[in-house]
Amino acid sequence: STPLYSSAASDVYKRQIRDGLYDTNNYHGEDHPIVPFVSMTEAKLMINQVRILNHKWIIANFSDGEYWGEIFVTYEIDENNDLKYNLEEYFLYPKS
């Protein structure tokens with residue numbers, strides 16, 4: 001198997017990883033598929049920025065326009081080339 005960041009293909013993987021997380025913003029109802037909070041406003045919670053730290057870790061921030069926080073997510077691409085995210089930690093900043 002080829003390591004994730006071993007070639008020019010790494011940009012394709014990074015884009016796939018980032019876009020996959022942004023795609024979770026397309027949800028119905030109140031529950032975001034990754035963010036473990038429900039919006040406290042009329043707006044949906046949305047992942048705003050994604051930062052890929054390395055071949056396994058991501059930090060992303062989210063907001064509903066009034067409240068915001070961060071999530072720490074691990075990810076993997078399995079042998080079928082399926083991307084899987086796992087929420088590890090999360091934090092909602094207190095409203096000031």
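**Reading rings and core**

Guide: Ring pairs link Phe37, Phe62 and Tyr90 into a cluster. Keep in mind that this model is predicted.

Visitor: How many aromatic pairs are there by this rule?

Guide: The count is five aromatic pairs. Take phenylalanine 37 and tyrosine 90: they sit edge-to-face, 5.6 Å centre to centre, with 80° between the planes. This pair links distant parts of the chain, 53 residues apart. Phenylalanine 37 is in the loop between α1 and β1, and tyrosine 90 is in strand β4 (residues 83-92).

Visitor: Where do tryptophan 57 and phenylalanine 72 lie, the two residues of another pair?

Guide: Tryptophan 57 is in strand β2 and phenylalanine 72 in strand β3, 15 residues apart. Their rings are edge-to-face too, at 5.8 Å and 70°. Tryptophan 57 is partly exposed, at 42% relative accessibility. Phenylalanine 72 is also partly exposed, at 22%.

Visitor: Now the core. Which residues touch the most other members?

Guide: First the general idea. In soluble globular proteins, nonpolar side chains tend to be buried together. Here, the largest nonpolar core has 16 residues, and Leu21, Ile47, Ile58, Ile71 and Tyr85 touch the most other members. At least two residues each come from α1 (10-23), β1 (46-52), β2 (57-63) and β3 (68-77). Beyond its sequence neighbours within four places, isoleucine 58 contacts residues including Ile17, Leu21, Ile71 and Tyr85.

Visitor: Is threonine 24 buried or exposed?

Guide: Threonine 24 counts as buried because its relative accessible area is 13%, under the 20% cut-off. This threonine 24 is in the loop between α1 and β1. Its side chain reaches the backbone oxygen of leucine 21 at 2.5 Å.

Definitions and conventions. Residues are numbered from 1 along each chain as its sequence is written. Side-chain values use heavy atoms; hydrogens and water are left out. A nonpolar core is a set of buried Ala, Val, Leu, Ile, Met, Phe, Trp, Tyr and Cys residues joined through side-chain atoms within 4.5 Å. Buried means under 20% relative accessible area, exposed over 50%, partly exposed in between (1.4 Å probe, protein chains only). Helices (H or I, at least four residues) and strands (E, at least two) are DSSP runs, numbered from the N terminus. Contact means heavy atoms within 4.5 Å. A polar contact is a pair of N or O atoms within 3.5 Å; within protein, one must be able to donate a hydrogen and the other to accept it, and residues adjacent in sequence count only if both atoms are side-chain atoms. Rings of Phe, Tyr and Trp (its six-membered ring) pair if their centres lie within 6.5 Å; planes under 30 degrees apart count as stacked, over 60 as edge-to-face and the rest as tilted.
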